[in-house]
Structures are given as structure tokens and as C-alpha cells.
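Here is a short note to read alongside the structure. Please keep the viewer open and find each part as it comes up.

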2 protein chains.
Amino acid sequence: MPRQVDHEGRRRLIAEAVCRLADERGLEGVTLRDVAARADVSMGAVQRCFRTKEEMLVFALGHIGERIGERVRVRLVRSPAQSAASALGHAVTEVSLLRDEHRAEARVWLAFLAQAAVSEVLAKTLKENYAALQEAFTRLVSEAAADAGGPAALDPRLEARTLLALADGLTAHVLVGHLTPEAAREVLHTHLTHLWERPAGPPRTG
Amino acid sequence: MPRQVDHEGRRRLIAEAVCRLADERGLEGVTLRDVAARADVSMGAVQRCFRTKEEMLVFALGHIGERIGERVRVRLVRSPAQSAASALGHAVTEVSLLRDEHRAEARVWLAFLAQAAVSEVLAKTLKENYAALQEAFTRLVSEAAADAGGPAALDPRLEARTLLALADGLTAHVLVGHLTPEAAREVLHTHLTHLWERPAGPPRTG
């Protein structure tokens, strides 16, 4: 089915063009016309791949989410001998997109995050991404806490939520120049270090 | 100088229209024409107030930043008898924009954050906001740590950075529906509670 294969390849090509344009100008600068020009296809070809601009953005978001998810998985399996705490540290840093070569991805991710606040279909795609990340992080927090001599005074799911929010906040603060990537890494490292130092038993309330 | 007073009032009126449109559609949906219609002024009037769309967005961002900053200050002085830890908790929750009535502000803030990643002048305004918040939070963390029987094993500036990033990440995750406002509050509360439980002395490394 050469036509079908072509179609999927073209969708990915267009998604890449969307991401490059979003990186340069924000999602605001992503027009059908410019996407077609950047992907070097006709506007009709773009319209045959995606019925609406939103459908195109959802596909591009899924595309970038897969790429980030794949890198997180690679970090997790690269060294089976590493501790759960160390795997978690690598995964959180990867999700934070702090490295220079991921600056473009970070910008595009943040643009999608903002647009998802006013678009239900984008929000649905993002929620699926966050749910999968939360599940993976919850498992790692549990394992790391057990390694640290648990039961520690922590709720793995809540700590996974904390880490994901912290990662996205740091991504944004590095992008706007409030923090350097080094300062953001220091925040993550310090947060994780203290996580395994918590006293055993239920957390103190109040 | 009645004309000058008029001018400033009109700029604020236009900024409000920008925020309402951004809330409904994202910054992408903010056009000069629609802003004029929403503010019930002519397009010429908008153009006399702001030379470019970017100038208009920067003013609107400053406007919303002032409003949030003012609420944070009110939370901090409302009860002089409250502990520094409690004041910090209130201030962080306020910055996180978790209350239903601040949903629109949260959406607009996130849209500005994303756009600032591709606009230097927006980034400059945001950085000034974050620098001021970081200073206020650093002071409160210092005071709260001292109250808790310090010297605790924490770096006030680093913890202020953590709190600001966590707050923005939670804002985003509530907006896209990954977390409920209650879950986000629980994350903040747990994070702050454990901050004052840290053992004294320098943090363990590794």
C-alpha cells in the first residue's frame, strides 16, 4: 500500500514543519500556508492529511510527546544496574528538557501546554501523556523509596505529581530566562536528594 | 490633564479586553480588530494607545502581573500574627492561581509564559515579575526556616525557585485537566510541610 505509507510519512513531515515554525514564532505563527511551504508540499496536500488546523496540531503534539517519551524510556533502560533513585533523576531531567539541544522541543511543548488550556482535543492528548509519565514516575518513586530503606514518609503518586509539575515549571522558567539550565538542575537534584532523606512514618500534618 | 488620564484608563480597558480574549481563545485569538470590538473602542484608538500588538501584550502582561502581585501582598499582610511558614503557604497557593475565580488569569498567564519563550520583550516583563516573587519567597523561606528551629538544611533562594516552578507547573497541570485543584493543593501542602521537617546541617549529597 504505497499510498498509505506515503500518507503517514507526509503527516510526520508536516508535524516536523509545525514544530519548527512553533519553535520560531509560537503556535500563533503556525499557518497552513507556512506549514505547507516549510514542509515543501502543496496546501492541498496538507489539507488532505489534516482536515483542520487543530487536527494538525494534535498530531504534532502526539509526535513530540512520543519523541520525549522514547528518550525517557531509553534513559530508564540504558543501565539496568542503576538504582531506582538514579533512574528517576535521569528521567525527570529528561522530561524537563533542560539541555540546549532540546530548547526547541521545550518551546513547542510549552506552546502546546498553553494552547491546551483553551483546546479540549489538545488537552486530551496532553492528559494521556501526563498520565503515562505519572504512572512511570510513581513506580520509580516507590522503588527508590524501598531502596532507601522504606517505608519512607512519602506517597509515591503525590511525589510523582510534584516531580512532573516541578519539571514543567522549570522548563518554562529556563525558557523565559528566569533560571539558567544549571540552576534548574540544581533545583531538581536538591529536591530529589531530600526526598530520600525524609524520616520514616506518616508525614507530620499542619 | 484630562486627556492623559483618559489615555491610561483606556490602556487598562484595552488590557482587560486582551485578557478576556486570551482567556477564551489563547493569545492566538487576540487580534487588534477583536480587541477594539471587545473594549468598545475604535481600531484607531487601540493604535494610538499601543504602537504594536506586542506593546499591547506587554502592557496586558504587566497589568495581570500587578494584579497577582497585589493579591500576594494582601495575603502576606492580612494577618501580621501568622507564622512565616503559613504566610508562605498562602502566597504560594495564591501564585498558583488554583481557585476557580482565577482560572481565566491562569490561562492568560500560561499563554504569556509560552509566548515569552519566543518574544524577548514579553520575557523581560516576566523575568521582572519572577525576580520580585523570588525575592519575596526567599525572605519568607528564611524566616520560616528560622522559626522552625534552623539553621535547617536548606538554601532559601533555591527553595524559593523550587516553589515558584512548582506553582507554575501545577497551574498548567490543573488547566489542562491532569490534576484537580484539590490534588494541586495537596502537592503544595505536602511539599511545604516536609520543607520544615528537614534535618539540620548540610544536605547529604549523592
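1. Start with a length check on H8(B). The helix has 20 residues, and at 1.5 Å a residue these should span 28 Å. The end C-alpha atoms of H8(B) are 29 Å apart, which agrees. Keep in mind that this is a predicted model.

2. Stay with H8(B) and look at its surroundings. The helix is mostly covered, with 17 of its 20 residues buried. Just after H8(B) comes B:Gly177, which takes a positive phi of about 90°.

3. Next, see how H8(B) meets H7(B). Helix H7 of chain B covers residues 120–147, and helix H8 of chain B covers residues 156–175. Their axes come within 8 Å and cross at roughly 120°. The crossing of H7(B) past H8(B) is right-handed.

4. Which residues make the contact of H7(B) with H8(B)? From H7(B) come B:Tyr130, B:Leu133, B:Gln134, B:Phe137, B:Thr138, B:Val141, B:Ser142 and B:Ala145. From H8(B) come B:Pro156, B:Arg157, B:Glu159, B:Ala160, B:Arg161, B:Leu163 and B:Leu164. Sorted by class, this contact has nine nonpolar, three polar and three charged residues.

5. Now take H6(B), residues 103–116 of chain B. This helix has 14 residues. From first C-alpha to last, H6(B) reaches 20 Å, close to the 20 Å expected at 1.5 Å a residue. H6(B) is mostly covered too: eleven of its 14 residues are buried. Among the buried residues are B:Val108, B:Trp109, B:Leu110, B:Phe112 and B:Leu113. B:Arg107 and B:Gln115 are also buried in H6(B).

6. Turn to chain A as a whole. Chain A has nine helices and zero strands. Read from the N terminus on, its elements run α-α-α-α-α-α-α-α-α. The C-alpha trace of chain A spans about 60 × 40 × 30 Å along its principal axes. Of the 206 residues in chain A, 42% are buried. Take the contacts in chain A with a separation of 6 or more: residues 24 or more positions apart account for 64% of them.

7. One helix pair in chain A deserves a look. Helix H5 of chain A covers residues 84–95. The axes of H5(A) and H9(A) come within 11 Å and cross at roughly 150°. H5(A) and H9(A) are therefore roughly antiparallel to each other, as the angle is over 145 degrees. H5(A) passes H9(A) in a right-handed crossing. In H5(A), the residues A:Ala85, A:Leu88, A:Gly89, A:Val92 and A:Thr93 meet A:Arg185, A:Leu188 and A:Leu192 of H9(A). By class, this contact has five nonpolar, two polar and one charged residues.

8. How many residues of chain A are in contact with chain B? There are 46, and they touch 46 residues of chain B. The elements of chain A that give two or more residues to this side are H1 (2–25), H6 (103–116), H7 (120–147), H8 (156–175) and H9 (181–195). H8(A) gives the most, with twelve residues. By class, the side of chain A that touches chain B has 24 nonpolar, eleven polar and eleven charged residues.

Methods
Residues are numbered from 1 along each chain as its sequence is written. Chains are lettered from A and ligands numbered from 1 in the order in which they are written. This is a predicted model: local features need pLDDT of at least 70, side-chain atom pairs count only at pLDDT 80 or more; totals for chains, interfaces and linings use all residues. Axes are lines fitted to C-alpha atoms, for helices over the stretch in contact, and angles run from 0 to 180 degrees between N-to-C directions. Helices (H or I, at least four residues) and strands (E, at least two) are DSSP runs, numbered from the N terminus. A crossing is left-handed if the near helix is turned anticlockwise from the far one by less than a right angle, and right-handed if clockwise. Two residues are in contact if their C-beta atoms, placed from the backbone, lie within 7 Å. Ala, Val, Leu, Ile, Met, Phe, Trp, Tyr, Cys and Pro count as nonpolar, Asp, Glu, Lys and Arg as charged, and the others, Gly among them, as polar. The expected span of a helix is 1.5 Å times one less than its number of residues. A residue is buried if 20 or more other C-beta atoms lie within 10 Å of its own, exposed if 12 or fewer, and partly exposed in between; C-beta atoms are placed from the backbone. Angles under 35 degrees count as roughly parallel, over 145 as roughly antiparallel, 65 to 115 as roughly perpendicular and the rest as oblique.
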